[in-house]
There are 2 protein chains.
Amino acid sequence: MSLSSISKPIHNDLETFNSIFKTSMKSNVGLVDLVAKYIIKQKGKKIRPLLVLLSAKACGVVSERTHRGATLVELLHTATLVHDDVVDNADQRRGFPSINAVWKNKIAVLMGDYLLSRGLMIAVEGKDFDFLENITQTVKRMSEGELLQIKKTRKLDIDEGTYFRIIADKTASLLETCCIIGALSSTQNSEYVSAMQKYGVALGIAFQIKDDILDYEGSSKVFGKPIGGDIREKKITLPLIHALRSVTKSEASAIRALLKKINSKNSVNEIIEFVRKNNGIAYAEEVMNRYANDAKDALAVIPDAEAKTSLIQLVDFVVSRTS
Amino acid sequence: MSLSSISKPIHNDLETFNSIFKTSMKSNVGLVDLVAKYIIKQKGKKIRPLLVLLSAKACGVVSERTHRGATLVELLHTATLVHDDVVDNADQRRGFPSINAVWKNKIAVLMGDYLLSRGLMIAVEGKDFDFLENITQTVKRMSEGELLQIKKTRKLDIDEGTYFRIIADKTASLLETCCIIGALSSTQNSEYVSAMQKYGVALGIAFQIKDDILDYEGSSKVFGKPIGGDIREKKITLPLIHALRSVTKSEASAIRALLKKINSKNSVNEIIEFVRKNNGIAYAEEVMNRYANDAKDALAVIPDAEAKTSLIQLVDFVVSRTS
């Protein structure tokens with residue numbers, strides 16, 4: 001199932017969105033425009049606006065307000081990517097050199113602030129108070145989630161509970177907000193809104209688990225995200241958490257010691273091998289599939305229609321993607 | 001005239017503000033709390049909340065809404081300081097090591113995002129739609145102003161017009177917003193709101209010109225801001241702009257060449273000497289005093305009262321401060 005076939009019920013809306021999104025970044029400052037054009041060229045998968053549009057369509061009709069919501073979340077998402085690349089010292093994004101690599105950290109920080117404020121301005125201008133309520137809470141949760149991860153990563157002491165807290169905040173909160181905003185833009189039925197919220201949370205968690213699995217088995221060719229990147233940054237994610245608790249204390253200590261001083265491709269490979277051998281990936285897949293099913297189940301109350309089918313297919317797409 | 005005597009008409013309100021501000025940064029994430037406590041310890045001059053409170057008092061009565069506004073602007077200001085230190089690679093802030101120096105860039109970026117979202121959440125929760133309208137526009141202007149400065153600084157081609165555009169966006173816009181928000185929180189008289197806005201813009205521009213003058217003649221002892229910092233970063237501000245246009249083309253080219261390759265304390269001193277000799281500081285002071293008078297004149301329509309007197313004294317404080 002490809003993203004373009006999933007997008008079919010809202011194909012025209014997605015075109016409209018793309019043009020609104022481009023316009024939303026325009027600025028009188030040349031440098032801002034230049035960086036904005038570079039961002040547009042990088043072309044992400046646009047999963048977040050897709051979610052907003054599909055959620056709106058599944059609960060009613062896509063409106064101008066839906067488009068404002070889609071633009072808001074994509075601007076916010078882009079802002080966090082630009083800031084994340086500073087946070088992670090990343091030099092690649094979607095196969096292109098990252099903003100901080102091309103223009104240095106200072107421009108990346110300011111550009112992120114600019115994009116975030118542009119998104120919020122759109123909601124303010126549209127008087128979408130309910131969007132703002134959700135989105136400001138989301139920005140807070142995303143930054144807290146990242147900060148919690150950084151702190152825990154330093155101490156190498158992430159257990160499964162902490163892992164879920166981190167990914168619920170840093171990743172799932174935005175997908176949750178996409179679904180809520182989409183639903184709010186097209187229905188006043190609170191049962192629908194709550195169903196879409198549950199769907200968004202479960203999808204978001206499955207999405208991040210998949211991301212973390214891909215770090216152990218993904219291909220670096222398609223989107224330029226190298227395998228083992230998390231390991232190099234000493235990030236402990238679900239596959240490794242499971243593997244570590246499946247072995248003896250001394251074996252786990254040895255792996256932790258290796259992670260602490262990681263410095264070569266060989267040691268990265270050794271950790272990947274350790275995780276594979278101890279069923280870390282299989283376990284993470286099992287948990288991910290549970291969340292994927294939760295996401296689909298949440299849609300039970302939503303009326304059957306093309307958009308709902310697409311939301312179900314999107315879950316399958318997310319958990320079966322290879323990059 | 002000291003800040004504490006200027007604050008007299010709103011002394012109790014300022015105490016209330018301080019306690020609300022502290023509470024506003026609380027988080028369940030330990031690292032966030034730790035950095036927040038560090039920020040509180042750094043203690044800024046709190047000119048922005050002071051402006052909000054005095055503007056409210058000058059136009060009416062300080063209310064809960066005024067306090068939300070004061071908290072919002074100080075959180076936003078703190079967020080931009082934290083991001084600015086990343087942008088400027090600064091290792092000191094208010095005499096303390098900067099957040100990025102203690103915790104690295106990544107934490108500074110995320111902490112800035114966190115503080116900004118907390119500020120916006122307070123306005124959202126209070127349903128202060130008018131505050132949000134002003135503040136999101138301000139965040140946009142501040143980041144655009146900084147980006148314009150970076151771009152122009154690279155080319156070393158800042159003229160007086162560009163300089164005013166940059167400082168109106170990067171500095172004056174927030175002081176303007178403080179005054180608008182304060183006024184909006186206590187009056188519906190649009191003449192008062194517009195007077196406070198004019199006051200804020202003029203004060204903001206005078207404030208930044210003073211900052212730029214201090215870079216040429218300030219003392220580094222009090223707040224740890226070293227003299228010549230802008231010059232080291234090749235930032236061309238009003239004193240240098242004026243000096244450069246007062247000399248022959250070849251003399252100006254020599255100074256530009258020196259600035260381009262600046263690398264020693266001697267060359268910094270040479271540029272400071274050049275600016276002094278060519279009346280750069282005297283000219284900047286003259287322009288600054290013009291804006292200071294504009295700020296005071298803007299208050300003509302505001303009823304005479306203690307708070308108005310304080311706003312006038314604040315102008316004098318800003319232009320005569322030594323750090």
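## Helix packing in chain B: helices 5 and 7

Axes are lines fitted to C-alpha atoms, for helices over the stretch in contact, and angles between N-to-C directions run from 0 to 180 degrees. This is a predicted model. In it, helix 5 of chain B packs on helix 7 of chain B at an angle of about 15 degrees, with the axes 12 Å apart. Angles under 35 degrees count as roughly parallel, so helix 5 of chain B is roughly parallel to helix 7 of chain B. The crossing of helix 5 of chain B past helix 7 of chain B is right-handed.

Which residues meet here? From helix 5 of chain B come Gly69(B), Leu72(B), Leu76(B), Thr80(B) and Val87(B). Helix 7 of chain B answers with Phe131(B), Ile135(B), Val139(B), Met142(B) and Glu146(B). By class, the contact of helix 5 of chain B with helix 7 of chain B has seven nonpolar, two polar and one charged residues.

## Helices 4 and 5

Helix 4 of chain B covers residues 47–59. Its axis comes within 8 Å of that of helix 5 of chain B, and the two cross at roughly 155 degrees. Angles over 145 degrees count as roughly antiparallel, so helix 4 of chain B is roughly antiparallel to helix 5 of chain B. This crossing of helix 4 of chain B and helix 5 of chain B is right-handed.

Helix 4 of chain B brings Arg48(B), Pro49(B), Val52(B), Leu53(B) and Ala56(B) to the contact. They meet Thr66(B), Gly69(B), Ala70(B), Val73(B), Glu74(B) and His77(B) in helix 5 of chain B. The contact of helix 4 of chain B with helix 5 of chain B divides into six nonpolar, three polar and two charged residues.

## The contact between chains

How many residues does each chain give to the contact? Chain A gives 35 residues and chain B gives 35 residues. On the chain B side, helix 3 (30–42), helix 5 (64–87), helix 6 (99–125) and helix 7 (129–155) each supply at least two residues. Helix 7 of chain B provides the largest share, 14 residues. The side of chain B that touches chain A has 18 nonpolar, eight polar and nine charged residues.

## The nonpolar core

In soluble globular proteins, nonpolar side chains tend to be buried together. The largest nonpolar core in this model has 216 residues. Those with the most contacts inside the core are Leu53, Tyr199 and Ala206 of chain A, and Leu53, Tyr199 and Ala206 of chain B.

What does Leu53(A) touch? Leaving out residues up to four places away in sequence, Leu53(A) touches Ile10(A), Asp13(A), Leu14(A), Phe17(A), Val62(A), Thr66(A), Ala70(A) and Gly182(A).

Note on methods. Residues are numbered from 1 along each chain as its sequence is written. Chains are lettered from A and ligands numbered from 1 in the order in which they are written. This is a predicted model: local features need pLDDT of at least 70, side-chain atom pairs count only at pLDDT 80 or more; totals for chains, interfaces and linings use all residues. A nonpolar core is a set of buried Ala, Val, Leu, Ile, Met, Phe, Trp, Tyr and Cys residues joined through C-beta atoms within 7 Å. A residue is buried if 20 or more other C-beta atoms lie within 10 Å of its own, exposed if 12 or fewer, and partly exposed in between; C-beta atoms are placed from the backbone. Two residues are in contact if their C-beta atoms, placed from the backbone, lie within 7 Å. Helices (H or I, at least four residues) and strands (E, at least two) are DSSP runs, numbered from the N terminus. Ala, Val, Leu, Ile, Met, Phe, Trp, Tyr, Cys and Pro count as nonpolar, Asp, Glu, Lys and Arg as charged, and the others, Gly among them, as polar. Angles under 35 degrees count as roughly parallel, over 145 as roughly antiparallel, 65 to 115 as roughly perpendicular and the rest as oblique. A crossing is left-handed if the near helix is turned anticlockwise from the far one by less than a right angle, and right-handed if clockwise.
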